[in-house]
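Here is a quick tour of one protein chain. Have the model open while you read.

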Amino acid sequence: TKHCNTTSSGPTNPVQTTPGLSCGNATVCLERPAQLSMKLIGGDCSQSTDGQDIQTLFCEDYGTISTGMNNQYYIVATDIQIGMQYYRGYVRLDEKFVLRNANTLVTANTNVTIYRSDQTDELLQTMVFHTSCSENLYLNDIFGSIQ
């Protein structure tokens, strides 16, 4: 069974609540997602646009994430409670990457940190956003330099 309310109009929810089950044009997320499909768009924290409460979103810039097409960055995504890893690897601008853990649903708060390289010595941006579905997630939400 689907775990999302779908409508023919309204925002599109980018989460999947069950592996392989797309939520389509969901307007309400009823359960924690199994994965989140994100895209690196570049830019800084000031461009964040989402429906989440200001208390659940944190974004901090430490350097520049260029919007030049040949740039790639090293992204590490974890939950903030126990540091469970959802993603670790290089991503090019306008490239999609998926936050997931094969053994569990995404936890309540996710931390995404972007570095210049896998040496992780040059931090560029870090953000925490709510991912348990008590705050909705929509397709065009922007959290710092990711959408």
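## Ground rules

This is a predicted model, in which local features need pLDDT of at least 70, side-chain atom pairs count only at pLDDT 80 or more, and totals for chains, interfaces and linings use all residues. Residues are numbered from 1 along each chain as its sequence is written, and side-chain values use heavy atoms, with hydrogens and water left out.

## The chain overall

Of the 147 residues, 47% count as buried (under 20% relative accessible area; exposed is over 50%, partly exposed in between, with a 1.4 Å probe and protein chains only). The accessible surface comes to about 7,300 Å², and carbon and sulfur atoms hold 46% of that (Shrake-Rupley method, 1.4 Å probe; for residues, only the protein chains shown count as cover). Among contacts (heavy atoms within 4.5 Å) with a separation of 6 or more, 56% link residues 24 or more positions apart.

## The open sheet

Five strands make an open sheet in the order β5-β10-β9-β6-β7, with antiparallel pairing (two strands pair if DSSP finds at least two bridges between them). β5 (58–61) and β7 (85–92) each have a single partner strand, so one side of each lacks a neighbour in the sheet. From one strand to the next, the twist averages 15° (axes are lines fitted to C-alpha atoms, for helices over the stretch in contact; angles run from 0 to 180 degrees between N-to-C directions).

The antiparallel β5 and β10 are joined by 4 bridges. Glu60, for one, has Thr126 in β10 as its bridge partner.

Asn109 sits in β9 (residues 109–115) and is buried, at 17% relative accessible area. Its side chain makes a 3.0 Å polar contact with that of His130 (N or O atoms within 3.5 Å; within protein, one must be able to donate a hydrogen and the other to accept it, and residues adjacent in sequence count only if both atoms are side-chain atoms). Neighbours within four places aside, Asn109 also touches residues including Thr78, Ile80 and Val128.

Ile146 comes in the segment after β10 (123–130) and is buried, with a relative accessible area of 0%. Beyond four places in sequence, its contacts include Met38, Leu40, Phe97, Ile114 and Phe129. Cys45 is 101 residues from Ile146 in sequence, yet their C-alpha atoms are 9.5 Å apart.

Conventions: Helices (H or I, at least four residues) and strands (E, at least two) are DSSP runs, numbered from the N terminus.
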